[in-house]
Amino acid sequence: MWFKNLTLYRFNKPFAITVEALEQALAGYPFSPCSSQDISKFGFSNALGKLGQTLVHAANNSYLICATKEEKILPSQVIREALDEQVAKLEDQEQRKITKKEKESLKEDITSTLLPRAFSRRSQIHALLLPEQQLLLVDSSSANKAEELLALLRKAVGSLPVVPVSVKTPIEVQLTEWLKQGHAPAPFEIQDEAELKSASDEGGIVRFKQQDLAEEEVLAHLETGKQVHKLALHFEQSIAFVLQSDASVKRLKFAEEFRAQTDDVAGEDPAAKADADFALMSNELLALVLGLVNALGGLDDAAL
C-alpha cells in the first residue's frame with residue numbers, strides 16, 4: 001500500500017465527488033478474473049486488498065482506489081510456432097499455399113485453443129485522489145499504465161478532467177541550478193545520484209550513483225552545457241526519491257523511523273494498522289507534492 005512511484009495529475013476543471021458516489025461509480029467496473037477465453041481483464045478491486053471491504057478507502061479527505069489487471073501469458077513465439085506447423089501441415093495435405101486470410105483464421109483458432117492452458121499474472125495500480133487540492137497521484141513508474149487507470153476511472157465517473165502536472169520553469173533547468181548551487185530549496189536535500197543530458201539530441205548522457213555531486217567531475221559536465229534530468233532528493237527526513245524532468249517521482253522510499261509511527265496502532269487488528277498507515281502516507285505524500293510545487297516555482301496554469 002505504500003506508494004513506490006508518483007505520476008502526477010491535476011484537475012483542469014473543478015472536480016468534486018463524495019466517497020459514496022465514487023464507491024458506487026467504481027462498483028460498475030469491478031475486477032473479475034479472466035475466463036478461459038479472456039486474454040486480459042481490468043477492473044477496480046478493494047482499495048486495501050484483503051484488509052478492506054470497499055473500493056474506496058478514505059482518510060483526511062484523501063481517497064485511495066486500486067485497479068487490478070490479470071493478463072494471460074501467451075508468448076507470440078508459441079503462437080507463431082504452432083501457426084507455422086499448422087500451415088505447413090495444411091499446405092502439404094492440400095498441395096497449395098495457404099492464403100493470408102486463412103492464416104489469420106488459423107491464428108485465432110490456435111490462440112483460442114491455447115488460452116485456457118496459459119498462465120496468468122496479476123498486477124495492481126493504486127491512485128490517490130485529493131479533491132480539496134484538485135490533485136490525482138498514481139502509483140506508477142509508467143505513464144502508459146497510469147493512463148490506463150485514468151481511462152478506467154474516466155469510464156466509471158463519466159468525466160475526469162485531468163492533465164499532467166507541469167511547472168512554470170522547466171524542471172531540468174531548476175535541477176541544474178540546484179546542483180550548481182550545491183543545495184536544493186528547503187525542506188529538500190540533494191542526495192548522491194543524478195542523470196545529466198546534453199541539450200542536443202546527439203549529445204551524451206552521464207549517470208552518477210553513490211557519488212558526491214559537488215565534486216568537480218560532476219560540475220564539469222554542467223559547465224559543458226549538460227542539464228540535470230534526474231536528481232535524488234530527500235524530503236523532511238521522511239522520504240527519499242528521484243525527481244525527473246517530466247515531473248514524475250520515482251523510487252519513493254519512506255524512512256523506517258517514519259513508518260514506525262503507526263507501530264503502536266492495534267497490533268492485533270491489521271485493518272486498523274492499514275488505515276493508520278494510509279493516513280500517515282497520504283498526508284506525507286501531499287506535503288511532498290506541495291513542497292515540490294513550491295520549490296519548483298509553482299504550477300503552470302497556462303497548461304490548463
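About 170 Å³ of space lies in the second largest pocket, a volume being the space filled by probe spheres set on the points. The model is predicted, so that local features need pLDDT of at least 70 and side-chain atom pairs 80 or more, while totals for chains, interfaces and linings use all residues. Residues are numbered from 1 along each chain, and side-chain values use heavy atoms, without hydrogens and water.

**Exercise 1.** Describe the lining of the second largest pocket.

*Step 1.* A pocket is an open set of points on a 1 Å grid (1.4 Å probe) with protein on both sides within 12 Å along at least five of seven lines, and its lining residues have an atom within 4 Å of a point. Here 13 residues line it, and Thr-7, Tyr-9, Ala-143, Asp-246 and Ser-248 lie nearest its centre.

*Step 2.* Two or more lining residues come from each of β1 (7–11) and α4, with β1 giving the largest share, three residues; helices are DSSP runs (H or I) of at least four residues and strands (E) of at least two.

*Step 3.* By class, the lining has six nonpolar, four polar and three charged residues, where Asp, Glu, Lys and Arg are charged, Ala, Val, Leu, Ile, Met, Phe, Trp, Tyr, Cys and Pro nonpolar, and the others polar.

**Exercise 2.** Work out the volume and lining of the largest pocket.

*Step 1.* The largest pocket holds about 230 Å³ of space. Among its 13 lining residues, Ser-123, Gln-124, Ile-125, Lys-145 and Glu-148 are the closest to its centre.

*Step 2.* At least two lining residues each come from β4 (62–73), β5 (119–130) and α4 (143–157).

*Step 3.* The classes are three nonpolar, five polar and five charged residues.
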